[in-house]
Amino acid sequence: MPINQPANVIKLTNVSVVRYKRSGKRFEVACYKNKVREWRTGVEKDLDEVLQIKSIFVNVSKGQTASKEDVEKAFPGLNTDEALLEILKKGDLQVGEKERSHELSNSFREIATGVAEKCVDPGSQRPYTVGIIEKAMHDAGYSIKTGRSAKQQVLDVIKLLQSSDTLPIERAKMRVRITMSNKEGKKLKEKLLPLVEKVEEDDWTEDWELIASIDPGALRQINELLENETKGRGRVETLSFSSIADGDEALE
């Protein structure tokens, strides 16, 4: 004969758990794997794609649901759906050791890829492979910061490698074309040139056209200068990064 399952016990499989402690009680929500982060960042909008079941648990692995009284006491003024969203927003996502290791490995490579795309060897001006960047990150003792995005950590790694002897590295230069009328060019040239690393072409035939290499960080300053001084009549176009403009292969 089948064994009857208690009414407050729900069995779930292939589940991720969000855990939240409040008023001395532990509450858990059962979610689909990989969906919680997508929902928190706004990538996933459909809550049904995130939650396995719209219930609040005290222990998901044992299938034990929380009592209505405990939920009301811990979340005064909120109904069950609102309390569930509170747990989902603020709770800690529980990840297994194997899954955590896989996520850290993916994040490490994602950051290394970002660094490889933005940086070059200062001597040759050629990019490094992702593998070389990963090794340099390991050698420099870099560890993933779970509270920061991969994009933010790319800048952290660049600063770390630049300040250490692990790997000679610098930001790749960006090639841009700046155009405006000759009249505005004569007025702004002295302000623009300090923002430029190297001038490739300086043409005054019709309008003023300047093709130059710049540090990527200077692009915003140039845009702001053109916006303020030319009222949108001048423009800057990104042509390429100088490290790959000539078809160089990545350094092994």
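Where is the place of Ser23? This and related points are taken up below for what is a predicted model.

1. **Ser23.** Ser23 sits in the loop that joins strand E1 (15-22) to strand E2 (25-32). Its phi is positive, at about 55 degrees, although Ser23 is not a glycine. With a relative accessibility of 54%, Ser23 counts as exposed, because the cut-off for that class is over 50%.

2. **Gln125.** A positive phi is also found at Gln125, here of about 60 degrees, and this residue is not a glycine either. Gln125 belongs to the loop between strand E6 (119-120) and helix H5 (130-139). Its relative accessibility is 25%, and Gln125 therefore counts as partly exposed.

3. **Tyr20.** Strand E1 contains Tyr20. This residue has 16% relative accessibility and so counts as buried, the limit for that class being under 20%. Tyr20 and Leu93 are 73 residues apart along the chain, and their C-alpha atoms are separated by 9.0 Å.

4. **Helix H7.** Helix H7 covers residues 182-192, and its buried residues include Glu184, Gly185, Leu188 and Leu192. Viewed down the axis of H7, the buried residues fall within an arc of 95 degrees, which means that they line one face of the helix. Lys183, Lys186 and Glu190 are exposed on the other side of H7. The reader may wish to note that a charged residue, Glu184, is listed among the buried positions.

5. **Negative patch.** Which residues gather in a patch of negative charge on the surface? They are Glu201, Asp203, Glu206 and Asp207. Of these, Glu206 is placed in the loop between strand E9 (198-203) and strand E10 (208-214). Glu206 has a relative accessible area of 67% and is therefore exposed.

6. **Leu210.** Strand E10 holds Leu210. Is Leu210 buried or exposed? Its relative accessibility is 1%, so Leu210 counts as buried. Leu210 and Glu200 are 10 residues apart in sequence, and the distance between them in space is 7.6 Å, C-alpha to C-alpha.

7. **Summary of the loop positions.** Ser23, in the loop between E1 and E2, is exposed. Gln125, in the loop between E6 and H5, is partly exposed. Glu206, in the loop between E9 and E10, is exposed. Within the strands, Tyr20 of E1 is buried, and Leu210 of E10 is buried.

Notes. Residues are numbered from 1 along each chain as its sequence is written. This is a predicted model: local features need pLDDT of at least 70, side-chain atom pairs count only at pLDDT 80 or more; totals for chains, interfaces and linings use all residues. Side-chain values use heavy atoms; hydrogens and water are left out. Patches are made of residues with over 30% relative accessible area and no salt bridge: like charges are joined within 9 Å, nonpolar side chains (Val, Leu, Ile, Met, Phe, Trp, Tyr) within 5 Å. Accessible areas come from the Shrake-Rupley method with a 1.4 Å probe; for residues, only the protein chains shown count as cover. A salt bridge is a side-chain nitrogen of Lys or Arg within 4 Å of a carboxyl oxygen of Asp or Glu. The place of a charge is taken as NZ of Lys, CZ of Arg, CG of Asp or CD of Glu. Helices (H or I, at least four residues) and strands (E, at least two) are DSSP runs, numbered from the N terminus. Buried means under 20% relative accessible area, exposed over 50%, partly exposed in between (1.4 Å probe, protein chains only). The arc is that of the directions from the helix axis to the C-beta atoms.
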